[in-house]
Amino acid sequence: MTARPEVSHPATEKRNARPLAKKLLLWLPVNALFLVLLILALYPFVWLGLTSLRTNAELYANTWGLPSSLNFDNFVKVWETSPIPTYFLNSLIVSASSTFLILMVSSMAAYAFSKLRFRGSNAMFYALLAFYFIPPHIALVPLFFVLKALHLGNTYLVLIGPYVAFAVPFSTLLIRGFMLSVPGELINAARIDGCSKIGIYYRIMLPLSKPVLAVVTVFQFLCCWNEYLFALVFIHKRAMKTLPVGLMDFEGEFHTDWTARAAGLVIATIPIAIVYLVFQRQIMQGMTAGALKG
Amino acid sequence: MTKRNEVPKDRTKSDHPILVAFFLAPAFIFTIVFIAYPAIMSAYYSLYEWRGISEARTFVGLENWQQLFSDSIIWDCIVHNLALAAVAVFIEIPLAFAIAILLARTKVLGRKLYRTAYFFPVVLSVTVVGLLWSWVYNPQYGLLNAGLRAIGLDQLAKPWLGDTNLVLPAVLLVSIWRFSGFYLVVFTAALESVPQDIYDVASLDGTKLWQLGLYVLLPMLRDVIVVAIAIAITNSIKRFDLMYVMTMGGPVHASELLATYMYKNAFLSFDMGYASTIAFFLFALTLALVVTQMQTTKRDEAIEF
């Protein structure tokens, strides 16, 4: 904040002297534009929420109408008569276990690639990173038969295995980048105090990497939660389906019960909305890291 | 990629191979079992005629590949995938870039609220998005037709997802709605790295906002934009779930994508050999793009320094 001697630059004066009306002329349309975009982005959800509180008769009479009263019957019906609670539980188990394994496996590899010395370290890092560029589609058909041969069909493991594998390269890249910035003096000090290399990993590197581990956790949990292709192909038993695939079945079963369908979609949206509002920063960092660091 | 923080004392000595293996084995076991092995098998299957039900496979050499290049549906798929990519590159990215600059450089009330709202569709599962929009487009009870009827435009009310000419534009619109927020957040983050001096100089010169965006910020963020375009195209080639949930590729392949066509060949017609060929083709396309993008960004660095 060094003082700038002369503020009376002609251009600044001209800018400051710009009439209020002219400023408003820019300010108003810009703010109006943002408001319109906000409505476009969120209105479908508002409508969904309103519809879930109505009855089918009300919906048939007027698609855009408001609910006549606060009526949560649709939610009660969906929660009690549809398998959505089961789908929820399945999604939670699969996503949580996958995320835990992703964190463990990636942070271990990241530690080796950032703080251990061994021949071929770089080559092996790039080999692991190469898997990041293989689309899941290519593994789909062969994995289907591998999992069948291993008799893993319709268990949580058929999803957890591929989810971990496809998440590890990118997560390792992120965590390694962070671990590289941990100063060597810290590790030296720990070495002198007699800490083993494994001890350094979980006593020093893991606690220090908390910010990046938080990003990986939230981001990968969300990816697993939303995953569709593998969940569609590998799981056929209804009781084992995850929410994104189960929701499709639900929509089929409640085909004509429109307001119940709305309630089902609201139930699927709310937990994600809460997670998003709480961990917004981590989610945005995780999702955009590929574009900003790639 | 700096190495200056490494332990100086152990410089000359490598860590014990067992220690290294302990830390690396899990990552390589997972990726080899669930990615490398299936990918290789996929290449192998693509040379066979295989129904998937029994072990009986017939070696057909490159016949599946011949079929792929003469299959008119494959070309339709490519056109649809390219349409998704074009919408991302020519609408989503420019829109997001403009909005990111407007959000960052004008006095907006509730800037954070807007960013949060615009990004929200990005975090939802595609099932929720797809089902929601299928409903918006529903001929009888959909928001869109109801809205059109309400303002007296009854003749414009259409079965949006049931018409072979309308289905693709309808889904492309959902793509814009769902993905623009992603690029907005990417560009917003990139704009934060632009030094304040640039804005100071620009405002002293009386540069208009659109000039600043077009002549200053666009070249400055070129690398991020190139990566964003590469991501947009790769994702457009890989897209499966949005189309599967909304249209299943129909009606009559009018919105078929490579991935939905691959899925249908594998799990509806049980033509595993051909499905693997399509999967490999899709992989080759994304790989070509990644290599192109890497060369583009690398060359820029060479020019700059």
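## Burial and overall form of chain A

A residue is called buried here if 20 or more other C-beta atoms lie within 10 Å of its own. By that rule, 44% of the 294 residues of chain A count as buried in this structure, which is a predicted model.

Chain A is built with 15 helices and zero strands, and its C-alpha atoms fill a box of roughly 80 × 75 × 35 Å along the principal axes. Its radius of gyration is 26 Å, whereas a compact globule of 294 residues would have a value near 19 Å.

## Domains of chain A

The domain assignment of chain A gives domain 1, covering residues 20-76, and domain 2, covering residues 83-253. The centres of these two domains of chain A, taken over C-alpha atoms, are separated by 38 Å.

## Where the two chains meet

On the side of chain B, 83 residues are in contact with 81 residues of chain A. The largest share of that side of chain B, 16 residues, is supplied by helix H1 of chain B, which spans residues 17-45. Sorted by class, the side of chain B that touches chain A holds 61 nonpolar, 14 polar and eight charged residues.

## The largest nonpolar core

The largest nonpolar core has 172 residues, and those with the most contacts inside it are Ala109(A), Val164(A), Ala228(B), Met262(B) and Ala279(B). Helix H8 of chain A, residues 157-180, gives the most to this core, with 15 residues, and the core also draws at least three residues from each of domain 1 and domain 2 of chain A.

## Two loop residues of chain B

Most residues other than glycine have a negative phi. Val252(B), although not a glycine, has a positive phi of about 35°, and it lies in the loop between helix H11 (241-246) and helix H12 (258-267) of chain B. Because it has 11 C-beta neighbours inside 10 Å, Val252(B) counts as exposed.

Phe270(B), which is also not a glycine, has a positive phi of about 50°, and its place is the loop between H12 and helix H13 (272-304) of chain B. Phe270(B) counts as exposed because it has 12 C-beta neighbours inside 10 Å, and the limit for an exposed residue is 12 or fewer.

Notes
Residues numbered from 1 in each chain as written. Chains lettered and ligands numbered in written order. Predicted model: local features only at pLDDT ≥ 70, side-chain atom pairs only at ≥ 80, totals over all residues. Contact = placed C-beta atoms within 7 Å. Helix = DSSP H or I, 4+ residues; strand = E, 2+ residues; numbered from the N terminus. Nonpolar A, V, L, I, M, F, W, Y, C, P; charged D, E, K, R; others polar. Core = buried A, V, L, I, M, F, W, Y, C linked by C-beta atoms within 7 Å. Domains from an automatic or database assignment. Rg over C-alpha atoms; globule rule 2.2 N^0.38 Å.
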